[in-house]
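Subject: Structure for your files

Hello,

Here is the structure I said I would pass on.

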Amino acid sequence: MMNTRRDFLQKITAATIAYPFLKQAAAANKTLQQKPYDGPQLRVAIMGLGNYGTMVAEAMQDCKKAKLAGVISGTPSKIIAWQKRYHIPEANCYNYENFDNIKNNPDIDAVYVITPNGLHHDEVIRVAKAGKHVICEKPMALNAKQGQEMIDACKAAGIKLLVGYRMHFEPYTLEIIRMRKAGEFGEVLFFQGLSGFIIGDPNQWRLNKQLSGGGSMMDIGIYSVNGSRYMIGEDPVWVTAQETKNDPVKFKEGVDETIQFQLGFPGGAVASCLSTYSMNNLDRFFLNGIDGFAELNPATGYGPIMGRTKKGELNLPHPTHQTVQMDAMSEIILQGKQPEVPVDGEEALKDLKIIDAIYEVAGTGKKLALYL
């Protein structure tokens with residue numbers, strides 16, 4: 001199993017991620033810094049040194065309350081490169097066979113698991129048993145059953161489990177949530193979430209059901225699932241869904257290409273969402289209330305996020321998402337602060353329950369009650 005993981009991580013070809021926003025976002029971060037920080041720092045080891053792991057590591061260079069302190073990887077060359085770039089001590093470097101020994105390392109407080117979805121369950125439980133706090137990329141697990149087991153393991157170990165919901169700390173998102181809570185949109189009636197892009201390499205892990213847990217829903221669709229909840233401010237009580245598959249060769253059995261899903265909320269609002277791997281330019285949230293509206297477009301990309309409401313265009317800072325996220329997660333873990341929108345395992349479990357239900361009804365179009 002460990003050899004398989006190492007082989008996989010050595011051969012992985014991740015989707016291309018563009019970095020042009022980094023300089024602009026870094027400059028924005030600096031403008032937000034007002035005085036030197038002298039409080040506690042969360043010392044983090046990153047597990048999984050692929051494209052997104054690298055993005056998080058780069059963003060953490062601007063963190064005040066979190067610090068990159070260690071690495072876990074199955075690729076020795078990556079470990080060496082990260083050691084040099086980020087000045088990581090040899091004692092804080094692990095592979096997938098020996099990272100349980102992190103329990104004996106007082107210089108690491110938490111592990112950020114940034115590996116394929118199918119590995120999260122076992123890796124998070126191992127980290128929990130080693131007594132370290134866990135940050136896990138989303139989706140937290142392949143299904144709600146796995147998610148509950150992860151939550152239980154972390155509770156039993158007395159450690160915190162957080163999930164990488166970076167949008168929960170993003171300024172444009174938080175401003176719309178503030179406006180909605182203040183009643184500026186009136187009664188919320190409707191939400192639309194469009195999440196999708198044309199996926200490339202057919203051999204990548206995102207199109208491997210064992211590693212991904214599905215297709216577009218388990219990658220990009222979760223943004224609309226989660227976004228519908230924080231934009232409307234409620235948890236849904238029913239769901240219905242329809243699946244479309246035009247390329248069964250690329251999107252094999254159990255790997256969804258396109259799913260449309262609708263959610264009903266207790267206050268009467270409805271959400272209509274699209275998750276796809278076969279259409280580009282889909283990253284838009286739209287919230288409609290009886291007294292106004294809000295739109296984010298792009299809504300969940302790496303930045304810059306753009307937004308407008310009935311009052312006009314929003315003009316807010318564009319910090320690097322992961323920098324803000326990691327500083328905020330440090331506050332949650334070390335200082336017990338509560339974020340505006342939760343990022344804990346229970347929050348992620350709700351999304352997994354919704355996704356489980358979407359998959360259950362996607363082939364039939366039936367309406368299913370949700371109990372979150």
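Below is what I found, starting with the whole chain and ending with one residue.

Please keep in mind that this is a predicted model.

Overall fold. The chain contains 11 helices and 15 strands. Its C-alpha trace extends about 55 × 50 × 40 Å along the principal axes. Of the 372 residues, 55% are buried. Taking contacts between residues at least 6 apart in sequence, 71% link residues at least 24 apart.

Tyr277. This residue sits in the loop that runs between strand 10 (270-276) and strand 11 (282-289). Is Tyr277 buried or exposed? Its relative accessible area is 1%, and the cut-off for buried is under 20%, so Tyr277 counts as buried. Leaving aside residues up to four places away in sequence, Tyr277 touches residues including Phe197, Ile198, Ile199, Arg206, Leu207, Phe251 and Asp219. With Asp219 there is also a side-chain to side-chain polar contact of 2.7 Å. Leu287 is 10 residues from Tyr277 along the chain, and their C-alpha atoms are 23 Å apart.

Regards

Key. Residues numbered from 1 in each chain as written. Predicted model: local features only at pLDDT ≥ 70, side-chain atom pairs only at ≥ 80, totals over all residues. Heavy atoms only, no water. Helix = DSSP H or I, 4+ residues; strand = E, 2+ residues; numbered from the N terminus. Buried < 20%, exposed > 50% of the residue type's maximum accessible area, 1.4 Å probe, protein only. Contact = heavy atoms within 4.5 Å. Polar contact = N/O pair within 3.5 Å; in protein donor to acceptor, adjacent residues only side chain to side chain.
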